[in-house]
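Take a walk through this model, one element at a time. Start at a helix end, then follow the strands and loops around it.

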2 protein chains.
Amino acid sequence: MNDHGEKTSIGEFGKYGLIHHLTKNFRPSLKSTLLGIGDDAAVIDSRNCQTLVSTDMFLEGIHFSLVYTPLKHLGYKAVVRAISDIYAMNGTPEQLLVSTGISSRFAVEDIELIYEGIGAACERYRIDLAGGDTTSSVTGLAISLTAIGRADKGSIIKRNGARPNDLICVTGDFGAAYMGLQLLERERRLFEKSTGIQPDLAGYEYVIGRQLKPDFPAGTLLELENSKIVPTSMIDVTEGLASDLIQICKQSQTGCRIYYSKIPVDYETSRVAEEFNIDPVTPALNGGEDYELLFTAPLEDIDKINSLHSVKVIGYITEQPEDYFIAGDDGSEVRLSAQGWTGKAAT
Amino acid sequence: MNDHGEKTSIGEFGKYGLIHHLTKNFRPSLKSTLLGIGDDAAVIDSRNCQTLVSTDMFLEGIHFSLVYTPLKHLGYKAVVRAISDIYAMNGTPEQLLVSTGISSRFAVEDIELIYEGIGAACERYRIDLAGGDTTSSVTGLAISLTAIGRADKGSIIKRNGARPNDLICVTGDFGAAYMGLQLLERERRLFEKSTGIQPDLAGYEYVIGRQLKPDFPAGTLLELENSKIVPTSMIDVTEGLASDLIQICKQSQTGCRIYYSKIPVDYETSRVAEEFNIDPVTPALNGGEDYELLFTAPLEDIDKINSLHSVKVIGYITEQPEDYFIAGDDGSEVRLSAQGWTGKAAT
């Protein structure tokens, strides 16, 4: 409650803030809970190996709109989202549990399509579907996934290890999935206004593909290992590059400085952003759903990192906590901020 | 699709049938997946110990109605449901991951209540909340739980080990949670018709308590161990005694015969059932949400089992698969059937 006796709005918390707030009185008490709330996955002692477990929920109208999301893609994307948390701990996802809440407007064939997508992702990433549940729903389609992975003791990379002067590194490019979503939303509105118009999405394949069927750069983890680069912290970019980088800084009690001109943005993303009159770096920083890897590494690894095709350096970690900046080419600096808890409305 | 080109309705499958249908082409391919789909929890090799993981989804309007479910009880009950799957494998639940989808009509204080209930259950059952997520929802409250547990190699009890002549044993009593739900629904309808009427639930404390705040008889597992009784199969009764017993029989390729007069029903449950003009054994067999233990044990353990206060024998396993019967006192026999996939509408 605030001073006026009103209840606290959920929107006042960030996404991470709310879960922290809700769980701050929970303390791990068992030896086997090596790492609980606050990172991408829980770490559980399994003697020689450590078991990683992570869970994600997908809700209709929030994480996807069935107007333009093929059900097969939905299943695939849900898996990628779930396992990206295991990869982001430097683990290997191995099992998956899937629960679905299904309303009566779906037929068995529809749900099969979701599972086809799940199966395609399981095959690509070599994971076993190892359990789950189906239940009916009166409120729309809901999918919950639990990913389980393993990591050797000592090889797990958390969010809290970044140190001043560490390089901030990313894979891939950013903002494409967000611009893909904007395009799909625009076509949906046009379609609803006039049923005669068929969506024409030629020339937009990349951004739409990134929205509907993302993949995770799992190979980069292997490249890092082969190059003997040991990241000091790591996270998967799902909330948005700015928001996820700030997570690393908060947990590491550092600041950061990244460079506007270094943020990787695909040409098609830029073009679509221009169509929408948006600076392309805005969706790159705040769009989310990029499913890329963000990590920090010691400065002395700069040559090794530069030799990796799949990784780009976008800035460095600074000493002062809560000082998060993006520097422009003209020397100007703008404070980075994590987006509020908007829930990425897809409706 | 059927012969007429129509899509298959989900209702045509049972709950277990649908998940089997959807996942029948998934084959575990990793050494570490010791047990995948088809039991209460997935078993994952962790060298000396085995990790058990199970996931459950709770959806508003299906698993609970917020009209009469206090949020704290909702959190507690969700945990009991999640960990009952670990216990039913003869494991010890140790960690829990919770994801919640929350619509904007909830305030932080409301969600805190859910977590208070989760915390109370975690304390009672000695488990750590070890992760999770919050997301916004436009479709109602959704809660997804993942329970993780451990078991020594060789001590895990599955559903498929029942053998002819094994005793069918249960803890506690049945049908109370279902009759509690019927009562709450009746009061809700009365309340909605005339806002002047306050619900009077005196004398119904037991059945309502069983609906709103169930507990799991975890202590019985210890009693069994101490008495050196090794169940041949085990399941937690959540779908309904008949449905869950049939699960054991199906997976063990056996039949069963249970006795009408042996089904444990509490006096209060009987009284409420009479008020509703229902034979009390009907909700006991088909009501569900009992959170009791159902297991089979070798006939030679009968004396040891009879010495346990918390366990009752209700029948025995028979040889012929798909022969599931309940025998009346008059010698009549009625075929047991699993209920269809109704989703336990709470609306």
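Just after H6(B), Lys228(B) takes a positive phi of about 55°. The model is predicted: local features need pLDDT of at least 70, side-chain atom pairs count only at pLDDT 80 or more, and totals for chains, interfaces and linings use all residues. Residues are numbered from 1 along each chain as its sequence is written, while chains are lettered from A and ligands numbered from 1 in the order in which they are written.

Helices (H or I, at least four residues) and strands (E, at least two) are DSSP runs, numbered from the N terminus. H6(B) itself spans residues 218-226. Thr220(B), Leu221(B) and Leu224(B) are buried there. A residue is buried if 20 or more other C-beta atoms lie within 10 Å of its own, exposed if 12 or fewer, and partly exposed in between; C-beta atoms are placed from the backbone. The three cover an arc of only 105° around the axis, so they sit on the same side of H6(B). That arc is taken from the directions from the helix axis to the C-beta atoms. The face turned away from the buried side carries exposed Gly219(B), Leu222(B), Glu225(B) and Asn226(B).

What lies over the buried residues of H6(B)? The cover includes helix H2 (71-87), strand E7 (167-171), strand E10 (292-297) and strand E11 (311-318) of chain B.

Turn to E7(B). Of its 5 residues, 5 are buried, so the strand is largely enclosed by the rest of the structure. Leu167(B), Cys169(B) and Thr171(B) point one way, and Ile168(B) and Val170(B) the other. E7(B) runs antiparallel to E10(B), joined by 4 bridges. It also runs antiparallel to E11(B), here with 5 bridges. Two strands pair if DSSP finds at least two bridges between them. Cys169(B) has Phe295(B) as its bridge partner in E10(B). For Val170(B), the partner in E11(B) is Lys312(B).

Strands of a sheet pair through backbone hydrogen bonds, either parallel or antiparallel.

Ile258(A) stands opposite Ile326(A). Contact here requires C-beta atoms, placed from the backbone, within 7 Å.

Back in chain B, E9(B) and E12(B) also run parallel, over 4 bridges. Arg257(B) stands opposite Phe325(B). E12(B) has a covered face, Tyr324(B) and Ile326(B), and an uncovered one, Phe325(B) and Ala327(B). E12(B) pairs with E13(B) in the antiparallel sense over 3 bridges, and Ile326(B) stands opposite Val334(B). The two strands form a hairpin with 5 residues between them. Gly331(B), in the turn, has a positive phi of about 90°.

Other positive phi values fall in loops. Arg126(B), about 55°, is not a glycine. It lies between helix H3 (108-125) and strand E5 (128-136) of chain B. With 12 C-beta neighbours inside 10 Å, Arg126(B) counts as exposed. Asn165(A) has a phi near 80° and sits in the loop between strand E6 (142-152) and E7 of chain A. Asn165(A) has 14 such neighbours inside 10 Å, so it counts as partly exposed.

Finally, the core. Nonpolar side chains tend to be buried together in soluble globular proteins. A nonpolar core is a set of buried Ala, Val, Leu, Ile, Met, Phe, Trp, Tyr and Cys residues joined through C-beta atoms within 7 Å. The largest one has 155 residues, and Val79, Ile83 and Leu96 of chains A and B touch the most other members. Beyond its neighbours within four places in sequence, Val79(B) is in contact with Leu96(B), Ile118(B), Ala121(B), Cys122(B) and Leu145(B).

Key. Two residues are in contact if their C-beta atoms, placed from the backbone, lie within 7 Å.
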